[in-house]
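This report looks at pockets and at one helix contact. Please have the sequence and the 3D structure open while reading.

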Amino acid sequence: MDAPRLAAPVTGAVTRFLAGAGLLLRGLRLYVRDPGLMLLGIVPALITGVLFIAAFATLLYFVDDLAALVTPFADDWSGTARGLVRVVAGLAVVGLAGLLGVLAFTAATLAIGDPFYEKISERVEDRLGGTPGAVEVPFWASLRRSIVDSLRLVAISALVGVPLFAAGFIPVVGQTVVPVVGALVGGWFLALELVGAPFYRRGMRLPQRRSILKADRPTALGFGTAVFVCFLIPLGAVLIMPAAVAGAALLARRSLGQSVEEG
């Protein structure tokens with residue numbers, strides 16, 4: 001199915017970015033109205049969260065060794081210079097791990113909780129008038145497509161993360177500009193990942209949703225970046241994940257020019 005060509009809104013990029021971030025808050029409000037779905041939505045994220053927290057704690061434990069591994073050129077430097085460059089390297093390693101970890105967490109959680117998150121997304125759309133052009137997709141086919149597309153996004157983000165990792169060694173820039181760029185990059189890939197369910201219901205795959213979100217990139221970036229930042233907060237990913245799925249349904253409808261208002 002070809003992606004429809006949508007004109008980008010004429011409002012300013014900053015306004016659209018903030019509106020995208022606001023979709024996460026709206027998703028949270030829609031989601032908390034159903035206590036049963038709240039519990040079901042948190043369980044898959046909690047299971048994945050425990051695994052990823054353990055993995056990240058292990059990374060932090062060995063971060064000094066990893067920093068030394070990626071900076072062999074500093075072995076013969078003075079103690080102060082060697083220590084400084086390895087602190088910077090450690091921060092770069094943690095930053096890259098954070099970017100990839102958030103995306104991998106999202107992919108794994110969506111796969112584990114696919115039936116629950118599909119139901120959350122569908123109920124949100126039902127409250128807004130249903131899904132125009134909905135197609136019937138068998139569960140296993142949908143799950144397989146979701147996993148394949150998520151793996152593609154994680155792989156692409158890994159390629160993008162390499163230059164960001166290298167830029168992390170630049171003094172000042174690596175500790176100020178790079179984290180902001182990383183959050184925006186991570187936000188874009190998160191938005192693409194999270195809108196998978198509403199686009200699958202319309203028979204659209206990753207290339208179509210990428211094309212459609214590009215038409216209003218600031219809104220998608222605002223939503224995805226807000227989710228990315230929340231996911232970096234301890235337990236934020238577990239608690240926000242279901243709301244992010246609900247907000248993604250709103251983002252998909254907005255991107256497709258469909259109503260995001262109830263009634």
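## The largest pocket

How many nonpolar, polar and charged residues does the lining of the largest pocket have? The lining of the largest pocket has 19 nonpolar, four polar and no charged residues, where Ala, Val, Leu, Ile, Met, Phe, Trp, Tyr, Cys and Pro count as nonpolar, Asp, Glu, Lys and Arg as charged, and the others, Gly among them, as polar.

The model is predicted, with local features needing pLDDT of at least 70 and side-chain atom pairs pLDDT 80 or more, while totals for chains, interfaces and linings use all residues. Residues are numbered from 1 along each chain as its sequence is written, and side-chain values use heavy atoms, leaving out hydrogens and water.

The largest pocket has a volume of about 540 Å³, and of its 23 lining residues, Phe52, Ile53, Phe56, Gly101 and Phe231 lie nearest its centre. A pocket is an open set of points on a 1 Å grid over the protein atoms alone, where a 1.4 Å probe fits, with protein on both sides within 12 Å along at least five of seven lines; lining residues have an atom within 4 Å of a point. A volume is the space filled by probe spheres set on the points, which are joined across faces, edges and corners.

Helix H2 (35-61) gives the most to this lining, with eight residues; helices are DSSP runs (H or I, at least four residues), numbered from the N terminus.

## The second largest pocket

The second largest pocket, of about 390 Å³, is lined by 19 residues, and Leu91, Gly95, Leu96, Val178 and Pro179 lie nearest its centre. H4 supplies the largest share of this lining, seven residues, and the lining divides into 12 nonpolar, seven polar and no charged residues.

How values were computed. Helix = DSSP H or I, 4+ residues; strand = E, 2+ residues; numbered from the N terminus.
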